[in-house]
Amino acid sequence: MWPCKDGPGVYILCAHHENDPKRLGAYIGKASLSNIGNRLWAHLNPHRATDIYRMNDLSGEPFIIEAIAAIAFSDPRTRALVPALEEFIISGVRDRVHLLNGTGNATNVA
């Protein structure tokens, strides 16, 4: 069961580096045109056979996903707010946690 899987919203895949568990990382994503369950399925399904959910950062460093957090929007009319919430969360954490996705990384900010 994935949190808030049936609606649009923002999700966070919380992870640690495969070789250094003290090094934390996060993938912050959005589901504005689909639902959170579809997006999580796309990220996690390829790893179901091993029960170890891995994700590489932009440089190819491997991280192990340990937890999922999600914020769902129950009113479908609020789908347009989902990207804004994603950007708000990224801007609040990018200096405190290693982002696994390209969006919000300092090297990608204009």
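Predicted model: local features only at pLDDT ≥ 70, side-chain atom pairs only at ≥ 80, totals over all residues.
Figure 1. Setting aside neighbours within four places in sequence, Tyr-27 is in contact with Tyr-11, Ile-12, Leu-13, Arg-39, His-43, Met-55, Leu-100 and Asn-101. For a sense of scale, Pro-8 is 19 residues from Tyr-27 along the chain, and their C-alpha atoms are separated by 17 Å.

**Figure 2. Tyr-11 and Tyr-27 as an aromatic pair.** How many aromatic pairs does the structure hold? There is 1. The ring centres of Tyr-11 and Tyr-27 are 6.3 Å apart and the planes meet at 25°, so this pair is stacked. Tyr-11 belongs to strand β1 (residues 9–17) and Tyr-27 to strand β2, so the pair ties together parts that are 16 residues apart in sequence. Both tyrosines, Tyr-11 and Tyr-27, are buried.

Figure 3. Asp-57 does have a polar partner, though: its side chain and that of Ser-59 are joined by a polar contact of 2.9 Å. Not counting residues up to four places away in sequence, Asp-57 touches Arg-23, Phe-63, His-98 and Leu-100.

**Figure 4. The salt bridge between Glu-18 and Arg-54.** This is one of 3 salt bridges in the structure. The side chains of Glu-18 and Arg-54 meet with an N to O distance of 2.7 Å. Glu-18 is in the loop between β1 and β2 while Arg-54 is in strand β3, so the bridge ties together parts that are 36 residues apart in sequence. Glu-18 is partly exposed, at 29% relative accessibility, and Arg-54 is partly exposed too, with a relative accessible area of 33%.

**Figure 5. Glu-86 and Lys-30, a salt bridge from helix to strand.** The closest N and O atoms of Glu-86 and Lys-30 are 4.0 Å apart. Helix α2 (residues 82–93) supplies Glu-86 and strand β2 supplies Lys-30, so this pair ties together parts that are 56 residues apart in sequence. Are the two partners buried or partly exposed? Glu-86 is buried, with a relative accessible area of 8%, whereas Lys-30 counts as partly exposed at 33% relative accessibility.

**Figure 6. Asp-75 and Arg-77, joined by a salt bridge.** In this view, the closest N and O atoms of Asp-75 and Arg-77 are 2.5 Å apart. Asp-75 is partly exposed at 25% relative accessibility, and Arg-77 counts as exposed at 74%.

**Figure 7. Confidence along the protein chain.** The chain has a mean pLDDT of 86, and 90% of its residues reach 70 or more. Among its elements, β1 has the highest mean pLDDT (95) and helix α1 (residues 36–44) the lowest (87). Over residues 105–110, please read the model with the pLDDT in view: the value there is below 50, and this stretch has 6 contacts in the model beyond near neighbours in sequence.

Conventions. Residues numbered from 1 in each chain as written. Heavy atoms only, no water. Polar contact = N/O pair within 3.5 Å; in protein donor to acceptor, adjacent residues only side chain to side chain. Contact = heavy atoms within 4.5 Å. Phe/Tyr/Trp six-rings, centres within 6.5 Å; stacked < 30°, edge-to-face > 60°. Helix = DSSP H or I, 4+ residues; strand = E, 2+ residues; numbered from the N terminus. Buried < 20%, exposed > 50% of the residue type's maximum accessible area, 1.4 Å probe, protein only. pLDDT = per-residue confidence, 0-100.
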